[in-house]
Amino acid sequence: MDLLELIIEYHKDNERQGPGSKEATLKALKLIPHLNKKTKILDIGCGTGEQTITLAKNTEAHITAVDMLPQFLETLMKRVKENNLIDRITAKEMLMDNLTFEENSFDVIWSEGAIYNIGFEKGLSLWRKYLKDNGYIAVSEISWLTDTRPDEIEGYWVNAYPEIDTIENKLSVIEKCGYSNVAHFILDDKCWLDNYYQPLIENAEAFLRKYNYADEVKEFVEAGKIEADMYYRFKEYYSYVFYIAKKKQ
Ligand code: SAH
């Protein structure tokens, strides 16, 4: 069992693979003007597609959803069929740092809980060319909520994701990458606990049983519990923040 297989098996039947909520997706969506039938949205790191479905149900747009894991895209496609959205959503297996679209082809780029995989600055820089002039980007990214924080949580997250930074610094990175900031908001507790950690914790025992309590599986589940515990203890210091920005000319 390698780590990627464990990640796939632990997450593939869940609605989400990162913190978020329908309400947060809709709040970000409302900040983007002029959405219509011709709008093309690219959803990067879509996972099993909770936000993809929400975007499709609440716009008339066409959505292209990309992820590197075919197992997640398979779950997404099941949901697409169940919701009768086949003509509105196209799913493609693709790496987010090697997208194969034409330049200037999307009105909106969406990415929830995923850009960190290649880094916020790299993602924003690489993806900009796929947006049409005046296109929008809506992206969620883990951020510090205060200027200082206890060493324990600082050490934990800097080790896990060195690019974690304050909202102010994230806003500067957005500008530096060629966008103007439109709005941002902090994701609430429910996005982390009810929608992300809770389902994983509920599934932990069955998951361990399935793999006969193998050491590497125990370690993997334990690492998830430690992450959730960090959130319970230190949530006033960090969260995911949704950033909405417009491509600068
Ligand atoms: N947007 C979803 C999934 C977030 S988890 C949600 O909010 O629920 C991050 C996703 O990024 C996972 O589905 C993972 O498979 C995908 N991913 C990670 N690295 C990637 C890469 N280099 N290219 C494409 N997808 C990647």
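A salt bridge is taken here as a side-chain nitrogen of Lys or Arg within 4 Å of a carboxyl oxygen of Asp or Glu. The structure is a predicted model, in which local features need pLDDT of at least 70 and side-chain atom pairs count only at pLDDT 80 or more, while totals for chains, interfaces and linings use all residues. Residues are numbered from 1 along each chain as its sequence is written, and side-chain values use heavy atoms, with hydrogens and water left out.

**Salt bridges**

Side chains of opposite charge can pair when their charged atoms come close. Over the whole structure, a search finds 15 salt bridges, and the table gives some of them.

| Pair | N to O distance |
|---|---|
| D107 and K132 | 3.1 Å |
| R79 and E50 | 2.3 Å |
| D13 and K12 | 3.6 Å |

In the salt bridge between D107 and K132, D107 belongs to strand β4 (residues 106–111) and K132 to strand β5, so that the pair links distant parts of the chain, 25 residues apart; helices (H or I, at least four residues) and strands (E, at least two) are DSSP runs, numbered from the N terminus. K132 is partly exposed, with a relative accessible area of 28%, where buried means under 20% relative accessible area, exposed means over 50% and partly exposed lies in between (1.4 Å probe, protein chains only).

The side chains of R79 and E50 also meet in a salt bridge. Because R79 lies in helix α4 (residues 70–82) and E50 in helix α3 (residues 50–57), this pair ties together parts that are 29 residues apart in sequence. Both R79 and E50 are buried, whereas D13, at 58% relative accessibility, counts as exposed. D13 pairs with K12, and salt bridges that share partners join E9, K12, D13 and K210 into one network.

**Strand β8 and its partners**

Strand β8 (residues 238–247) is mostly covered, with nine of its 10 residues buried. Strand β5 (residues 131–144) pairs with β8 in the antiparallel sense over nine bridges, and strand β7 (residues 179–186) pairs with β8, also in the antiparallel sense, over seven bridges; two strands count as paired if DSSP finds at least two bridges between them.

**The ligand and its surroundings**

The ligand is surrounded by 18 residues, of which the closest are Q17, G45, D67, M96 and E112; a residue is near a molecule if one of its heavy atoms lies within 4 Å of it. By class, this shell has eight nonpolar, seven polar and three charged residues, where Ala, Val, Leu, Ile, Met, Phe, Trp, Tyr, Cys and Pro count as nonpolar, Asp, Glu, Lys and Arg as charged, and the others, Gly among them, as polar.

A polar backbone atom of G45 is 2.8 Å from a nitrogen atom of the ligand, and a polar side-chain atom of Q51 lies 3.1 Å from a ligand nitrogen atom. An N or O atom in the side chain of R16 is 3.4 Å from an oxygen atom of the ligand. Taken alone, the ligand exposes 570 Å², and the protein buries 93% of that, with accessible areas from the Shrake-Rupley method and a 1.4 Å probe.

**A buried loop residue**

I32 is placed in the loop between α2 (22–30) and β1 (40–44), and I32 is buried, with a relative accessible area of 5%. The C-alpha atoms of I32 and K190 are separated by 24 Å, the two residues being 158 residues apart along the chain.

Definitions and conventions. A polar contact is a pair of N or O atoms within 3.5 Å; within protein, one must be able to donate a hydrogen and the other to accept it, and residues adjacent in sequence count only if both atoms are side-chain atoms.
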